[in-house]
Amino acid sequence: MTVLLPLVVPVIGALTFATFGWHRVTAWVSAVSAAAVLASAIVLAGSEPHTGVAGLLRVDALSAYMLVVIGAVALLATVATPAYFTAEITAGRATVRTATRHSVLVQLFLAAMALAVLAANLGVLWVAIEATTIVTAFLVGQRRTRSAVEAAWKYVVICSAGIALALLGTIVLNFASSRAPGTSGLDLDALAANASNLDPGVTRIAVLLLVLGFGTKAGLAPLHAWLPDAHSQAPAPVSALMSGVLLSVAFYAILRVKVIADAALGTGFTRMLLAVMAVASLVLAASLLVAQRDYKRMLAYSSIEHLGLVALGTAFGSPLALTAVLLHILGHGLAKGVLFLGAGRILQVTGSSRIGGVRGLATHHPALAGAVGLGVLALIGLPPFSLFASELGLFRAGFTAGLGWLTAIALVLVLIIAAALVTHTSRMLLGAAPDGPGTATGTRQLPIPTSLALLGGLVACAVLGVTAGPLTTLLHLAAETLVGAR
């Protein structure tokens with residue numbers, strides 16, 4: 001029954017909003033739902049691996065860890081959402097009906113992501129990832145401006161193309177499974193256990209299609225073009241969820257596929273494929289961040305960088321690298337959640353999304369500027385934040401694996417990206433505010449829920465950088481899940 005809680009609770013939340021609407025009391029249902037998902041993830045993390053719902057759902061260390069990521073980042077986003085919509089409704093940019101529709105869709109979004117990481121079957125996993133596309137398309141276009149609608153359509157078209165590739169890969173892998181001795185079908189554990197019996201040629205085609213398909217949803221090059229538009233046009237809480245969680249959930253599907261691919265084909269094929277996509281993503285992010293003019297798009301391109309690092313660590317494939325990858329996923333989710341929520345508040349108080357239109361934020365809004373500044377320091381991997389520990393682990397694993405040249409290239413690109421982020425952010429935080437739409441106005445104080453979300457995300461990210469605490473065992477068990485089938 002516990003395995004169903006991360007699915008059932010958000011669905012109940014969606015029904016609550018659909019029935020009673022969004023108002024002062026129900027506004028907090030989303031936060032309660034996210035907290036329940038996080039609590040159920042913690043409970044599941046302490047249990048033995050088990051299945052449910054006729055074998056369609058399965059909990060192991062990796063799926064439990066991903067549920068922790070979903071619950072933690074969702075809690076940040078949903079705690080800040082009531083204050084966000086209160087400001088939007090007051091300014092006339094949204095209505096109570098908009099907030100209600102948003103809340104219903106966010107709850108369905110959480111349920112779809114939970115289903116993805118709990119799926120025991122590759123087909124169910126594909127359905128869940130596709131469901132996130134459908135739900136978030138309406139959230140991306142929520143403002144109904146020309147730019148938002150265009151971003152939503154771009155998101156749907158490109159991600160649907162990627163998901164179609166993943167569907168084709170699923171069909172091809174099912175064909176290989178049906179022709180192999182042992183259990184046929186798309187059960188992930190059965191596929192990994194019988195991977196040595198799969199036809200290598202057919203499996204290679206399937207893995208290529210699956211990695212490219214799910215890589216599209218994870219924002220990896222070459223099918224990344226939807227990401228900057230979608231993240232920049234979506235409401236701030238949605239951007240926090242998409243960047244902080246959705247990309248990682250899509251990459252989770254690649255991690256599951258990699259277990260099967262390594263057992264069937266050896267580690268070389270997925271290593272080469274993921275390394276190429278990782279370096280391409282890092283090069284793309286570095287080249288476009290240097291001259292970026294929109295701070296939400298800046299954060300979106302940073303997401304491409306960090307998923308590129310996750311792909312690179314997965315390509316290295318050692319237990320150290322995979323542990324660092326999983327820690328990086330959580331740290332990035334927390335830091336990016338803080339930054340997108342902060343970016344949403346900046347847009348509300350300045351009216352400008354352009355880097356050049358925001359000045360003197362530290363003078364007019366010191367608490368907001370401090371949170372954003374610390375968030376950027378966390379994002380570029382400075383201690384004590386967890387991204388420092390995870391990136392250090394990734395680069396150590398790369399040099400240890402004999403891929404020093406590839407690791408060095410990635411390190412140079414990461415330094416270029418860090419310099420760009422610091423330069424752009426410092427221009428926004430420091431100096432005198434300009435006259436016009438970029439002038440920081442309104443109250444100097446952050447709404448209390450927003451402050452709690454920003455502070456909570458930063459503190460959690462810093463604590464993880466010092467010690468993983470109770471997550472240490474779960475991290476190691478999850479990493480073993482990814483290498484145990486070799």
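Author: Let's start with helix α1, where Pro6, Leu7, Pro10, Gly13, Ala14 and Phe17 are buried (under 20% relative accessible area; exposed is over 50%, partly exposed in between, with a 1.4 Å probe and protein chains only). These residues cover an arc of only 135° around the axis (taken from the directions from the helix axis to the C-beta atoms), so they sit on the same side of α1. On the other side of α1, Leu15, Thr19 and Phe20 are exposed.

This is a predicted model, in which local features need pLDDT of at least 70 and side-chain atom pairs count only at pLDDT 80 or more, while totals for chains, interfaces and linings use all residues. Residues are numbered from 1 along each chain as its sequence is written, and side-chain values use heavy atoms, with hydrogens and water left out.

Reader: What do the buried residues of α1 pack against?

Author: Their partners are α2 (29–45), β2 (57–59), α3 (61–90) and α4 (96–118), where contact means heavy atoms within 4.5 Å. The names come from DSSP runs numbered from the N terminus: helices are H or I with at least four residues, strands are E with at least two.

Reader: How does the length of α1 compare with what is expected at 1.5 Å a residue?

Author: Helix α1 (residues 5–20) has 16 residues, and its first and last C-alpha atoms are 22 Å apart, close to the expected 22 Å. The expected span is 1.5 Å times one less than the number of residues. Just after α1 comes Gly21, with a positive phi of about 80°.

Reader: What makes the span of helix α16 agree with its 15 residues?

Author: Those 15 residues (386–400) should span 21 Å, and the end C-alpha atoms are 21 Å apart, so the two values agree. The buried residues of α16 include Leu387, Glu391, Leu394 and Phe395. Among the elements covering the buried residues of α16 are α12 (295–316), α13 (319–350) and α18 (448–466). Just after α16, Gly402 takes a positive phi of about 80°.

Reader: Why is Arg58 said to meet Asp189 in a salt bridge?

Author: A salt bridge needs a side-chain nitrogen of Lys or Arg within 4 Å of a carboxyl oxygen of Asp or Glu. The N to O distance between Arg58 and Asp189 is 3.2 Å, so the pair qualifies. It links distant parts of the chain, with Arg58 in strand β2 and Asp189 in helix α7 (residues 188–193), 131 residues apart. Arg58 has a relative accessible area of 15% and therefore counts as buried, whereas Asp189, at 39%, is partly exposed.

Reader: How many salt bridges does the structure hold?

Author: There are seven. One of them joins Arg256 and Asp60, whose closest N and O atoms are 2.9 Å apart. This pair also links distant parts of the chain: Arg256 is in helix α10 (residues 236–265) and Asp60 in the loop between β2 and α3, 196 residues apart. At 10% relative accessibility Arg256 is buried, and Asp60 is buried at 13%.

Reader: Are Glu88 and Arg93 buried or partly exposed?

Author: Glu88 has a relative accessible area of 9%, so it is buried. Arg93 comes to 49%, so it is partly exposed. Their side chains meet in a salt bridge at 2.9 Å, N to O. Elsewhere, salt bridges that share partners join Arg58, Asp187 and Asp189 into one network.

Reader: Why is Trp153 called exposed?

Author: Its relative accessible area is 58%, so it passes the cut-off for exposed. Trp153 lies in helix α6 (residues 146–178).

Reader: What makes Val149, Trp153 and Val157 a patch?

Author: Patches take residues with over 30% relative accessible area and no salt bridge, joining nonpolar side chains (Val, Leu, Ile, Met, Phe, Trp, Tyr) within 5 Å and like charges within 9 Å. Val149, Trp153 and Val157 form such a nonpolar patch on the surface, with about 320 Å² of accessible area together, by the Shrake-Rupley method with a 1.4 Å probe and, for residues, only the protein chains shown as cover.
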